[in-house]
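Biologist: Could we go through this structure together, step by step? I'm still new to reading these.

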Amino acid sequence: MTAFNVIPKVSKQPYHNAILARLPTEWSPWPDDATSVNHDEALSTFVKRSRKKGFAWPKKPVAFISDPHADAEAFEASLIAAGVIEREGSHLCEYSLTKFGKKAEIVVGGDCLDKGPSNLTMLRSLAHLYRLKADITLLAGNHDLRLLMGLLSLERDTDAGSQHLFVRMGKKVIPLFKEVFDQYLADTQWDKGVPSEEACRQALFPGHDWFENFPFYAAGFLTPEGIEREISKMTTKAQSFEAHCAKNGLTLTQVYAAAMKCRSLFLNKSGEFGWFFRRMQLVKKRGSFLFLHAGLDDHMAELLAKYGVKHANRAFKKNLMHQNLFSFYYGSLANTFRTKYRKADLPLTPRGAYVARRAGIQVLVHGHINQHFGQRVTLKNGLIHIEADITLDAHSRKNEGLDGHGVGVTLIDKNRGVVGLSCDYPQAKVFKPGRQGKWVGAAK
């Protein structure tokens with residue numbers, strides 16, 4: 001097996017030079033250093049299970065890209081690095097599918113929104129993949145769903161369980177409202193019919209009694225740690241939200257007007273981004289790999305084992321659009337795109353991991369926990385995870401001291417194995433036990 005075979009082929013042309021310069025040109029068996037695994041037995045467990053009779057690789061190669069966070073440049077660079085698209089011009093959205101891209105599946109692991117530099121360009125780039133009829137699955141990310149729930153909370157009856165959901169979006173959503181205001185409203189009579197500043201504040205913020213009532217409302221649904229975490233988070237966000245709006249050049253009336261415009265753009269079928277939430281799925285299973293944004297808990301493992309992925313995705317859509325927002329957001333379905341396996345999250349116990357494995361789910365491939373040195377294989381409560389959020393977006397990279405644009409992809413391919421490609425690790429990480437007998441050493 002040569003490096004040419006393992007690392008996806010990217011055509012050499014001027015538009016690709018800067019991307020190729022940031023990518024590794026050689027591969028190595030998956031490293032067992034602390035940046036690539038979380039446990040001494042992570043790789044050996046993965047090897048052992050992948051050799052079992054029931055283990056299955058996806059029939060088609062899967063390119064998994066997660067957490068682009070409003071960075072279309074990094075998103076498209078990662079698609080190019082995966083070998084699934086090639087540029088036809090110097091601008092974003094000027095690309096076509098490659099021969100490999102027409103055969104592969106593309107799974108976008110969620111969190112397309114928030115942070116920046118451009119939410120709307122990111123969405124337009126994603127929409128171009130659909131126009132090209134790529135085989136693409138868009139998974140729900142917590143940042144994406146927070147926007148939807150914040151917008152829905154403006155129209156539904158509000159109680160202590162949901163009246164905080166708009167401000168809960170926090171400062172990271174404000175760049176989106178700024179983009180929407182500047183592109184759609186700035187040159188219009190946007191303030192016609194918009195309530196007063198104080199009325200907007202009352203519509204967007206939780207009431208004064210929310211902090212007193214929420215712990216009672218959430219008792220029995222959230223863990224004590226989860227309630228404390230929510231109160232602490234909302235205290236900070238409520239105190240700082242208006243100041244962050246002002247820092248971005250927006251008054252509360254402008255934020256309210258932008259939110260109303262977002263409702264028409266995202267929630268109406270005819271809106272420019274009306275496809276975004278309608279196409280979103282909670283989970284995708286290919287072979288023994290389950291693709292999702294964050295992780296599982298015991299209840300979700302049992303639901304998947306008993307009813308399957310199709311049922312889980314239907315339950316996600318029905319609960320999201322028709323269920324009480326609090327029940328949905330703090331329940332097991334939403335935990336799938338929220339959990340970091342903290343005490344505040346719904347738990348995945350060894351029993352839940354066993355149930356998942358019995359249901360044919362051997363490996364979770366997810367984003368949500370960003371890494372600085374490429375992908376990481378982790379063993380959590382007996383279940384193998386591939387952490388594939390490799391810090392693509394410019395905002396996070398700047399804040400966390402990483403250089404340049406993020407580029408990278410996780411390929412799951414029965415011929416290649418698992419290939420972790422990142423601009424932040426010097427070689428492509430490759431997991432393919434048994435190939436030419438050279439992979440055993442990496443499993444120790």
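Biologist: How many aromatic pairs does the count come to?

Modeller: First, a word on the source: this is a predicted model, where local features need pLDDT of at least 70, side-chain atom pairs count only at pLDDT 80 or more, and totals for chains, interfaces and linings use all residues. Residues are numbered from 1 along each chain as its sequence is written, and side-chain values use heavy atoms, with hydrogens and water left out. Rings of Phe, Tyr and Trp (its six-membered ring) pair if their centres lie within 6.5 Å; planes under 30 degrees apart are stacked, over 60 edge-to-face, and the rest tilted. By this rule the count comes to 25 aromatic pairs.

Biologist: What kind of aromatic pair do Phe55 and Trp57 form?

Modeller: Their ring centres are 5.6 Å apart. The angle between the planes is 70 degrees, and that makes the pair edge-to-face.

Biologist: And Tyr217 with Phe326, how many residues apart in sequence are the parts that this pair ties together?

Modeller: This pair is edge-to-face too, at 4.9 Å centre to centre and 90 degrees between the planes. Tyr217 lies in helix H10 (residues 210-218) and Phe326 in helix H16 (residues 325-329). Helices here are DSSP runs of H or I with at least four residues, strands are runs of E with at least two, and both are numbered from the N terminus. So the pair ties together parts whose separation in sequence is 109 residues.

Biologist: Is Phe326 buried or exposed?

Modeller: Buried means under 20% relative accessible area, exposed over 50%, and partly exposed in between (1.4 Å probe, protein chains only). Tyr217 has 29%, so Tyr217 is partly exposed. Phe326 has a relative accessible area of 1%, so Phe326 is buried.

Biologist: On to the sheet: which strands stand at the edges?

Modeller: The open sheet has 7 strands in the order E1-E14-E13-E12-E2-E5-E6, with mixed pairing. Two strands count as paired if DSSP finds at least two bridges between them. One side of each edge strand is left without a neighbour in the sheet, because each has a single partner strand: these are E1 (27-29) and E6 (135-138).

Biologist: Which residue stands opposite Val419 in E14?

Modeller: Strand E13 (residues 417-422) and strand E14 (residues 428-431) pair in the antiparallel sense over 3 bridges. They form a hairpin with 5 residues between them. In E14, the residue opposite Val419 is Val430.

Biologist: How many residues of E13 are buried?

Modeller: E13 also pairs with strand E12 (residues 408-413), in the antiparallel sense over 6 bridges, and a hairpin of 3 residues joins the two. E13 is largely enclosed by the rest of the structure, because the number of its residues that are buried is 6 of the 6.

Biologist: How many disulfides does a search of the whole structure find?

Modeller: A disulfide needs a pair of cysteine sulfur atoms within 2.5 Å. For Cys262, the closest cysteine sulfur, in Cys245, is 12 Å away, so that is too far for a bond. Searching the whole structure gives a disulfide count of 0.

Biologist: Last one: the charged end of Arg416 sits over the ring of which residue?

Modeller: A charge sits over a ring if NZ of Lys or CZ of Arg is within 6 Å of the ring centre and within 35 degrees of the ring normal. Lys429, for one, lies over the face of Tyr425, at 4.3 Å from the ring centre. The charged end of Arg416 is 5.4 Å from the centre of its ring, which belongs to Phe100.
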